[in-house]
Amino acid sequence: MADLTTTFLGITSPNPFWLASAPPTDKEYNVRRAFEAGWGGVVWKTLGSEGPPIVNVNGPRYGVVYGADRRVLGINNIELITDRDLYTNLEEITRVKKDYPDRAMIVSLMVPCEEEAWKAILPLVEETGADGIELNFGCPHGMAERGMGSAVGQVPEYITMVTAWCKQYYSKPVIVKLTPNITDIRNPARAAFKGNADAVSLINTINSITSVNLDAMSPEPMIDGKGTHGGYCGPAVKPIAMNMVAEIARDPETRGKPISGIGGVTTWRDAAEFMALGAGNVQVCTAAMTYGFRIVQEMISGLSDWMDQKGYQRTSDFIGKAVPNVTDWQYLNLNYVAKAKIDQDACIKCGRCYAACEDTSHQAISMSADRVFTVMDDECVACNLCVDVCPVQDCITMVPMQPGQVDPRTGKVVQKEYANWTTHPNNPGAVAAE
Ligand SMILES: Cc1cc2nc3c(=O)[nH]c(=O)nc-3n(C[C@H](O)[C@H](O)[C@H](O)COP(=O)(O)O)c2cc1C
Ligand code: SF4
Ligand code: SF4
């Protein structure tokens with residue numbers, strides 16, 4: 001059976017599933033039950049400096065985007081960092097780590113962007129026996145206006161500076177959690193490693209307004225008639241997060257550096273995808289908030305079964321395996337030609353493929369009087385839209401043409417050789433092929 005044990009920055013956990021810093025990791029009561037349910041590690045809800053605790057709103061703090069079946073696709077929140085006393089948190093962290101030495105315990109931190117503030121809190125965290133820290137440079141609301149969170153994460157120089165302080169005043173691994181509210185994620189990642197970060201984790205939440213109450217004319221969640229932007233997370237953000245993870249994993253300046261993948265992980269497959277793109281482990285928040293701690297059991301059994309099927313004995317066997325296949329558009333093979341093919345036995349004659357192709361693609365599907373839908377190869381550009389809108393899985397497939405065959409759309413023979421845009425005759429800047 002596959003071994004899910006994962007070592008990230010020298011921290012070993014029984015599986016790669018960690019809970020992200022958020023309500024599920026807010027207190028001892030939660031974290032103990034999370035560990036009992038099987039989570040491999042946690043990043044404790046972000047701690048702030050000593051002093052009067054943070055104050056949250058006393059009304060709704062979440063907005064939600066649902067799918068048609070009321071499945072939660074995305075959650076937006078206006079919660080701040082922990083609103084519990086610093087020392088209570090530190091005592092709880094110490095106790096829990098002592099009782100669960102085999103689980104990863106990371107402490108998330110967000111204090112003012114001043115050396116003294118970091119110098120003050122880091123020894124206190126060191127004393128807890130936790131395995132490392134995560135710097136919350138991502139929170140996009142509430143704390144950013146106070147010069148913390150994403151206000152730091154959006155300025156690479158600050159990231160380097162604070163990370164370097166942490167490496168100076170703390171002896172264990174330092175993970176820098178990045179904000180996605182930035183144009184090019186490679187810049188903050190490079191800045192973190194410049195400050196000697198041991199790893200980056202991403203993504204934190206995305207700036208968002210999830211809905212507007214059209215009676216009150218206010219964004220939701222609504223507090224006494226007013227709303228504010230919040231941080232968006234859950235399955236809807238996974239594509240954005242995976243692209244950012246891949247960008248860092250293939251950037252020549254940061255390639256091979258440890259990454260903890262976060263954003264919409266709900267199933268074992270989501271986790272495997274993040275890890276294939278270079279994440280050494282994953283962190284989860286929304287899925288636990290939506291389905292409870294026990295969802296980790298499905299992640300564990302699913303990942304284990306898949307690894308057995310594929311012959312992967314340990315997670316390191318597939319971590320990063322998809323990275324070499326992430327490329328830029330200009331390097332895609334323009335000699336690759338495919339055509340859509342409809343399985344008439346599986347087709348339920350709904351006509352969605354026809355409507356989509358006829359109205360918004362290449363008018364490549366014909367409909368007969370008795371509703372038989374057929375792809376016309378001489379029009380099909382293989383855009384895949386019909387596959388995407390067909391309600392029957394695998395009813396439409398994309399079939400590659402073989403070298404030597406003539407593409408009836410272009411009249412050209414399909415070539416065996418790989419050729420991309422950089423050498424294409426239509427490219428004014430083309431480099432002549434040798
Ligand atoms: C209610 C809520 C509170 C959060 N609080 C924190 C926090 O205190 N510190 C932090 O680094 N991230 C915080 N996050 C962000 C999560 O750790 C995580 O980065 C984000 O939710 C994406 O993961 P997901 O799609 O699995 O939810 C919070 C998220 C939610 C939903
Ligand atoms: S792949 Fe695109 S062009 Fe071809 S039949 Fe489907 S929708 Fe039409
Ligand atoms: S969308 Fe799929 S099921 Fe519907 S008509 Fe087209 S091929 Fe058939």
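How many Å separate the centres of domain 1 and domain 2? I looked this up before anything else, keeping in mind that the model is predicted. The two centres, taken over C-alpha atoms, are 41 Å apart. Domain 1 covers residues 6-325, and domain 2 covers 331-423.

**Entry: the cores**

I went looking for nonpolar cores. The largest one has 94 residues. Inside this core, the residues with the most contacts are Ile133, Val176, Val200, Val245 and Ala271. Helix 7 (residues 238-250) gives the largest share of this core, seven residues. There is also a second, separate core of 16 residues, and Val337, Cys380, Ala382 and Ile396 are among them.

I then picked Val200 and listed its contacts, leaving aside neighbours within four places in sequence. Val200 is in contact with Ile175, Val176, Leu178, Ala189, Ala192, Ile248 and Ile259.

**Entry: helix 1**

Which residues of helix 1 are buried? In helix 1 (residues 28-37) I found Asn30, Val31, Ala34 and Phe35. These four cover an arc of only 130 degrees around the axis, so they sit on the same side of helix 1. The face turned away from that buried side carries Tyr29 and Glu36, which are exposed. I also checked what the buried residues of helix 1 pack against, and got strand 3 (17-19), strand 4 and helix 2 (86-99). Gly38 follows the helix, with a positive phi near 120 degrees.

**Entry: helix 8**

Helix 8 (residues 268-276) gave me another picture. Seven of its nine residues are buried, so helix 8 is largely enclosed by the rest of the structure. I wrote the buried ones down as Trp268, Asp270, Ala271, Ala272, Phe274, Met275 and Ala276. They pack against strand 3, helix 7, strand 15 (259-262), strand 16 (281-284) and helix 10 (295-310). Just after helix 8 comes Gly278, and its phi is positive, about 115 degrees.

**Entry: the ligands**

I started with ligand 1 and counted 28 residues around it. The closest are Ala20, Thr46, Cys233, Cys285 and Thr286. Strand 4 (41-47), strand 6 (72-77) and helix 9 (286-291) are the elements that give two or more residues to this shell. By class, the shell around ligand 1 has 13 nonpolar, twelve polar and three charged residues.

Ligand 2 has 15 residues around it, and the closest are Cys357, Ala364, Cys380, Cys383 and Cys386. Helix 11 (352-360) and helix 12 (385-389) each give two or more residues to the shell. I sorted the shell around ligand 2 into twelve nonpolar, three polar and no charged residues.

Which residues are closest to ligand 3? I noted Cys347, Cys350, Arg352, Cys353 and Cys390, out of the 13 residues that surround ligand 3. That shell has ten nonpolar, one polar and two charged residues.

**Entry: Met401**

My last stop was Met401, in the segment after strand 20 (396-400). Is Met401 buried or partly exposed? Met401 has 17 other C-beta atoms within 10 Å, so it counts as partly exposed. Not counting residues up to four places away in sequence, Met401 touches Val337, Ala338, Lys339, Asp407 and Val414. I liked the Val337 pair: Met401 and Val337 are 64 residues apart in sequence, yet 5.6 Å apart in space, C-alpha to C-alpha. Val337 had already turned up in my notes, as part of the second core.

Methods: Residues numbered from 1 in each chain as written. Chains lettered and ligands numbered in written order. Predicted model: local features only at pLDDT ≥ 70, side-chain atom pairs only at ≥ 80, totals over all residues. Near = placed C-beta within 6 Å. Nonpolar A, V, L, I, M, F, W, Y, C, P; charged D, E, K, R; others polar. Domains from an automatic or database assignment. Buried ≥ 20, exposed ≤ 12 C-beta atoms within 10 Å, placed from the backbone. Arc of directions from axis to C-beta. Contact = placed C-beta atoms within 7 Å. Core = buried A, V, L, I, M, F, W, Y, C linked by C-beta atoms within 7 Å.
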